[in-house]
Amino acid sequence: MEFKWLDDFMSLREHGNFSAAAQARHVTQSAFSRRIQALELWVGVTLFDRTSYPIELTEHGKRFIPYVENLLEMVRVAKDDFSQASLKTDNSVRIVCLHSFAVNLLPRLLSQAEQLLAGLNFAVNPSVQGIDNHFQALLDNSNDILFAYDTKGMRPSFLIENKLDRCLVFKENIIPVIAPKLLQRLQGDQSYPYLAYSEHTFLFNAVEPLIAKQQLPLEQVFETTLSESLIKMAVNGSGVAWAPLHAIETELEQGLLVQAFPEQPDTVISLDVVCYRSKSQTRPAIDQFWRGIEHLSAADS
């Protein structure tokens, strides 16, 4: 069970309409409806009478109200008590991003903008939660900055996009790579062993349509959610993997990996790396960080 489902329950109880309740919760109506259904599945009973207008609570739903109110109050108190715990100083900037960004991208960016970001303290969370949770963390002040790829499935809902500032950081290439020792072993029309991203990861959604379109001779032998794992497997000669260029610069320079299918430039995927912040955030540390990122973006353009 997710606590946001409880807020959804109270919102639908208040508005008596899925559309209005979903808008109040900054999600699409279809997503909101799925969350209410998930809550009812978790509780084990129907909470709302959908045949009435406005929508009303069932008897089970009415009995559920005090439990929800108590749980939400406990969550609110806990959040208030600990909301500032991650802010060690007023100069703290809390960043949430992909694991590969935390390992490879952020250290480079922070180094490039070192003078502009002087005096700031960074708390980086390489989270694997859903992107909608990341955006919500910006809106409820649990995090200050979000780095993400600007691709389908990683953009904010149209219901909240006007509440966020967005900055293009730079353009990133996702390229297919292979170890030279494996390339030498492959002969003729032999298929390439393929190291894949797991389904429901954003790079799976970027890479798989390309593979299908190009009809590449690949045979999947491994999958994972982490780019770093695919890169290690590729270096070991286990197969072809698509990897962000910022994550494999060293391996390419050392000759541990080379670009696969160099004769097919369409196998390279170009994506924008962007960062977001909430427009309601007014701390000077966040403004300083934002100016530094905008300066880097302007310098690269």
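Visitor: Which residues of helix α10 are buried?
Guide: In this predicted model, helix α10 covers residues 245-253, and its buried residues are His-246, Ala-247, Ile-248 and Glu-251.

Visitor: What do the buried residues of α10 pack against?
Guide: They pack against α5 (99-112), β5, β6 (164-178), α9 (227-235) and β9 (241-244).

Visitor: You mentioned β5. Let's talk about rings there. Why are Phe-147 and Phe-289 called an edge-to-face pair?
Guide: Let's check two values. Their centres are 6.3 Å apart, and the cut-off for a pair is within 6.5 Å. The planes make an angle of 85°, and over 60 degrees counts as edge-to-face. So Phe-147 and Phe-289 pass on distance and on angle.

Visitor: What makes the pair of Phe-147 and Phe-289 a tie between parts of the chain?
Guide: Phe-147 sits in strand β5 (residues 145-149) and Phe-289 in helix α11, so the pair ties together parts 142 residues apart in sequence.

Visitor: How do you know whether Phe-289 is buried or exposed?
Guide: Its relative accessible area is 0%, and buried means under 20%. So Phe-289 is buried. Phe-147 is buried too.

Visitor: And Phe-122: why is this residue called partly exposed?
Guide: Phe-122 has 25% relative accessibility. Partly exposed runs between the 20% cut-off for buried and the 50% cut-off for exposed, so Phe-122 counts as partly exposed.

Visitor: How many aromatic pairs does the rule give?
Guide: The count comes to 11 aromatic pairs. One of them joins Phe-122 and Phe-289, edge-to-face, at 5.8 Å centre to centre with 65° between the planes. Phe-122 is in strand β4 (residues 121-126) and Phe-289 in helix α11 (residues 284-300), so this pair links parts that are 167 residues apart in sequence. Elsewhere, ring pairs join Tyr-192, Tyr-194, Trp-242 and Phe-261 into a cluster.

Visitor: How do you know that Arg-108 lies over the face of Phe-170?
Guide: Arg-108 is 5.4 Å from the ring centre of Phe-170, and the distance cut-off is within 6 Å. There's an angle condition as well, within 35 degrees of the ring normal. Arg-108 is listed as lying over the face of Phe-170.

Visitor: Which residues form the nonpolar patch on the surface?
Guide: Met-1, Phe-3, Trp-42, Val-43, Leu-71, Met-74 and Val-75, with about 630 Å² of accessible area together.

Conventions
Residues are numbered from 1 along each chain as its sequence is written. This is a predicted model: local features need pLDDT of at least 70, side-chain atom pairs count only at pLDDT 80 or more; totals for chains, interfaces and linings use all residues. Side-chain values use heavy atoms; hydrogens and water are left out. Rings of Phe, Tyr and Trp (its six-membered ring) pair if their centres lie within 6.5 Å; planes under 30 degrees apart count as stacked, over 60 as edge-to-face and the rest as tilted. Helices (H or I, at least four residues) and strands (E, at least two) are DSSP runs, numbered from the N terminus. Buried means under 20% relative accessible area, exposed over 50%, partly exposed in between (1.4 Å probe, protein chains only). Patches are made of residues with over 30% relative accessible area and no salt bridge: like charges are joined within 9 Å, nonpolar side chains (Val, Leu, Ile, Met, Phe, Trp, Tyr) within 5 Å. Accessible areas come from the Shrake-Rupley method with a 1.4 Å probe; for residues, only the protein chains shown count as cover. A salt bridge is a side-chain nitrogen of Lys or Arg within 4 Å of a carboxyl oxygen of Asp or Glu. Contact means heavy atoms within 4.5 Å.
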